[in-house]
Amino acid sequence: MAACPRADIVRSGEVGVYHCWNGCVRRAFLCGHDPLTGKNFDYRRDWILSQDQLLARLFAVEIAFHAEMSNHIHLVLRSRPDVVAHWSDEEVAWRWLKIARLKRGHDKEPPEPTEAQLQAQLAREGRVEQLRRRLSSVSWFMGALCENIARRSNQEDGCRGKFWESRYGCRDLADEAAILVAGIYVDLNPIRAGEAQRPEEACHSSAYDRIQGRPVRLYQARDISCTGSADVAVPHSAASAGTMPPDAWLCELTLAEGPDADVGNAVVSRTPWRASDKGILPVRLDDYLKLLDWTGRQVCAGKRGAIPGDLAPLLERLRIRQEAWVKTVERFD
């Protein structure tokens with residue numbers, strides 16, 4: 001069966017949410033334990049995670065969920081052309097020059113572009129508009145991520161050729177129900193593969209990051225309740241100190257309530273680690289983690305149980321049939 005053209009899946013110039021994945025092709029376990037050589041390549045997952053964090057700062061593409069497996073990766077990405085529209089021409093050129101250095105295999109924060117390099121980009125007719133499109137493109141995001149890891153892995157292995165499949169997989173997540181299913185599926189990948197028994201142990205997943213960041217959020221929420229100011233929740237001190245809360249680079253999980261709640265958050269992030277502060281689901285973190293934990297128990301144990309009473313309204317709100325939930329997550333791929 002012929003692959004669907006990418007242009008039929010990804011809506012260029014529109015905000016969209018997509019489940020993207022890619023796998024290693026040379027031999028299995030190139031990001032895990034290689035049974036042929038006995039060498040453990042788990043540290044390459046840290047490479048991927050580090051690149052995710054760097055690219056989330058530079059692209060107008062938000063990472064909602066992620067999982068780095070032994071021989072493939074999963075990402076749920078949201079493209080934000082509306083955010084790019086608010087960036088100046090100089091910022092667009094600056095971001096792209098940083099990304100270009102990362103693509104070539106740099107493993108750390110790339111050096112600052114020179115003034116001559118910036119002016120060269122700005123002087124080319126139509127270049128800035130081209131870069132605006134690229135900076136909100138999931139294809140360019142996946143290309144930058146995969147090229148970086150492939151170059152570094154090939155250099156380490158002393159070989160040339162493909163590291164990843166030539167075409168990454170992509171699925172359009174058209175509504176909130178689809179986003180929730182995809183998020184649960186991605187976060188359960190390490191558990192289904194037997195790499196972890198519980199979400200809090202799956203250290204290369206978005207669930208792990210959000211669990212690690214939960215105490216920080218609770219502390220910030222307490223400060224807000226004491227001061228009455230939402231500005232306290234913005235980690236400016238962490239940004240100035242160069243430290244990042246565990247999940248600050250991920251897309252905000254919970255959509256704020258109220259008709260105008262996300263208007264400000266939809267434009268530019270108040271932190272340096274992601275494109276915006278807009279949430280992606282009408283689900284609180286604790287409810288999401290409860291649903292993730294319960295679903296993982298059903299999927300991995302091969303059992304069917306009743307949806308807990310406190311989680312049932314969540315699925316009803318997203319128009320998901322309770323009796324089909326576990327089967328949908330299991331068969332998502």
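This is a predicted model: local features need pLDDT of at least 70, side-chain atom pairs count only at pLDDT 80 or more; totals for chains, interfaces and linings use all residues.
Which backbone oxygen lies 2.8 Å from a polar atom of the side chain of Arg-132?

The oxygen in question belongs to Trp-87. Arg-132 itself is found in helix α5, and it counts as buried because its relative accessibility is 13%, where the cut-off for buried is under 20%. If we set aside residues up to four places away in sequence, Arg-132 touches Val-84, Ala-85, Trp-87, Ser-88, Asp-89 and Val-92, so please find those residues on the screen while I go on.

Let me now step back to the whole chain. There are 12 helices and 4 strands, and buried residues make up 50% of the 333 residues. Among the contacts between residues at least 6 apart in sequence, 73% join residues at least 24 apart.

The 4 strands form an open sheet, in the order β2-β3-β1-β4, with antiparallel pairing. The edges are taken by β2 and by β4, residues 169–172, each of which pairs on one side only. Neighbouring strands of this sheet are turned against each other by 20 degrees on average, if direction is ignored. Helix α6 packs on the sheet and touches β1, β2 and β3, and its direction makes about 145 degrees with that of β3.

Going through the pairings one at a time, β2 and β3 form a hairpin with 3 residues between them, and 7 bridges join these two antiparallel strands. Within that pairing, Glu-62 has Arg-78 of β3 as its bridge partner. On the other pairing of β3, the antiparallel partner is β1, over 8 bridges, and here Gly-23 stands opposite His-72 in β3. Strand β1, residues 16–23, also pairs with β4, again in the antiparallel sense, over 4 bridges, with Tyr-18 standing opposite Asp-172 in β4.

Why do we describe β3 as largely enclosed by the rest of the structure? The reason is that 7 of its 8 residues are buried.

As general background, nonpolar side chains in soluble globular proteins tend to be buried together.

Helix α1 deserves a moment of its own. It runs over residues 43–58, has 16 residues, and reaches 23 Å from its first C-alpha to its last, close to the 22 Å expected at 1.5 Å a residue. Its buried residues include Trp-47, Ile-48, Leu-54 and Leu-55, but also Arg-44, Arg-45, Gln-51 and Asp-52. What covers the buried residues of α1 includes strands β2 and β3 together with helices α3, α5 and α6.

Further along the chain, I have picked out two residues. Leu-289 lies in helix α10, residues 285–301, and it is buried, with a relative accessible area of 15%. Not counting residues up to four places away in sequence, Leu-289 touches Ile-211 and Arg-214. Leu-289 and Ile-184 are 105 residues apart in sequence, while their C-alpha atoms are 9.2 Å apart in space.

The other residue is Ala-196, which lies in the loop between α7, residues 176–192, and α8, residues 206–227.

Note on methods
Residues are numbered from 1 along each chain as its sequence is written. Side-chain values use heavy atoms; hydrogens and water are left out. The expected span of a helix is 1.5 Å times one less than its number of residues. Buried means under 20% relative accessible area, exposed over 50%, partly exposed in between (1.4 Å probe, protein chains only). Contact means heavy atoms within 4.5 Å. Two strands pair if DSSP finds at least two bridges between them. Axes are lines fitted to C-alpha atoms, for helices over the stretch in contact, and angles run from 0 to 180 degrees between N-to-C directions. A polar contact is a pair of N or O atoms within 3.5 Å; within protein, one must be able to donate a hydrogen and the other to accept it, and residues adjacent in sequence count only if both atoms are side-chain atoms.
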